[in-house]
Amino acid sequence: MKKEHLCELSYSKIAADLRSAIDSRHLSPGEMLLPERELARRYSVSIGTVRRGIRTLVEEGRLRKRQGLGTFVLNRTETSGAIALLLPTLQLSYYARIAELVEKYGSSEPFIITNPDDVPVSRRISIALKRRGFRNVIITHEISSEEYDRCRRHFPGMEFFFFDSGVSGLPVNSVCSDEIEGARLAVTHLLNQGRRRIVFLGNTRFANGRRRALGCRLALENAGEKFHLIDSDVHYSSAYAAMQNALARGLRPTGIFAVTDMAAMGGISALREAGVRVPEDCAVIGYSNLAEGKNFTPALSTIETDLDGMVRYTLSEIAFRTAHPETELSQVRFQPRLIVRASSSTIHQPFNKQESCHE
């Protein structure tokens, strides 16, 4: 049997044993696990294998690692206080899916707050509190440091957790996808297909866009290619118009990495109207793995974030910090993965091997 398979069996057994011990209450809520070195000795495996087993249960919300102290059992049934989930909208499947997962894994039904861009977060929370009490807020979009300070002042007993978002320039409790790595995966896939005129369809006015643009830039520069941007926001209509303008100016990309799936679909629509075939002439990759992209024509290649694991971790963090309010801030990044579908499934055969991105 291969060594890799044995390792897989070993860490799966460790995870299964710990899960059974927690569910049967042989390991009690709040109890600290044996040190990783001791577990490795008992199972006759490496510390790395033990850590993989433990990480599985951390992501399930059954264990919590505290740096420098050890790994502790979480009480999955204890209430962590009512939770409010602050979403820009429920009209996009990405945010609707987050809401579904918080309801699925939470100990109580979350109070959903939709927050238009023009309403301050502190104002929206204040209005919501009049309808239902809660002490923890999960925020799914970036806010300014001024607005965050205002929230902390107005709601001193409240804990704020940022999901795939944060506060510019300030350390906060956050669980994010590694967007720089996600962009690198997308652009590297396009480069490996022989595509060289690759553009970033999006902007850098918000943190998510900046990180995705940076990953795109780094991957291109590492391959000796230039970074080019078509300025668009995250929405279909904006990307459609931006792509139309770029094509009218004579830009002919062979690969596009878009800031979101909706932007990618807007770009594809503009390309097709101009007679540019996707993926034969230009491959396109989006970000977030929306259901809309899977059902689009052609089906959209995308970068998927581990929403399931991120939600479970966020809820376990809320439960732990409720029991241990003096715990240090937690900032965790989950690894994304590339999903290849029809929009980037064809190897590009450049007519000119020296092709470059220019208007």
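**Close-up views of a predicted model**

**View 1. The pairing of strand 8 with strand 10.** Leu-201 has Ala-258 of strand 10 as its bridge partner. The model shown here and in the other views is predicted. Strand 8 (residues 198-202) and strand 10 (residues 255-258) run parallel and are joined by four bridges. Strands of a sheet pair through backbone hydrogen bonds, either parallel or antiparallel.

View 2. The strands follow the order 9-8-10-11-12-14, with mixed pairing. Strand 9 (229-231) and strand 14 (337-339) are the edge strands, each of which pairs on one side only. On average, neighbouring strands of this sheet are turned by 20° against each other, direction ignored.

**View 3. Helices 8 and 10 on the sheet.** Helix 8 (residues 207-222) packs on the sheet and touches strand 8, strand 10 and strand 11 (283-287). The direction of helix 8 makes about 175° with that of strand 8. Helix 10 (residues 261-273) also packs on the sheet, where it touches strand 8, strand 10, strand 11 and strand 12 (301-304). The direction of helix 10 makes about 155° with that of strand 11.

**View 4. Helix 4 and its buried face.** Helix 4 (residues 93-105) has 13 residues, which at 1.5 Å a residue should span 18 Å; its end C-alpha atoms are 18 Å apart, so the two values agree. Tyr-94, Tyr-95, Ile-98, Ala-99, Leu-101 and Val-102 are the buried residues of helix 4. Seen down the axis of helix 4, these buried residues fall within an arc of 165° and therefore line one face of the helix. An α-helix has 3.6 residues a turn, so residues three or four places apart point the same way.

How values were computed
Residues are numbered from 1 along each chain as its sequence is written. This is a predicted model: local features need pLDDT of at least 70, side-chain atom pairs count only at pLDDT 80 or more; totals for chains, interfaces and linings use all residues. Side-chain values use heavy atoms; hydrogens and water are left out. Helices (H or I, at least four residues) and strands (E, at least two) are DSSP runs, numbered from the N terminus. The expected span of a helix is 1.5 Å times one less than its number of residues. Buried means under 20% relative accessible area, exposed over 50%, partly exposed in between (1.4 Å probe, protein chains only). The arc is that of the directions from the helix axis to the C-beta atoms. Two strands pair if DSSP finds at least two bridges between them. Axes are lines fitted to C-alpha atoms, for helices over the stretch in contact, and angles run from 0 to 180 degrees between N-to-C directions. Contact means heavy atoms within 4.5 Å.
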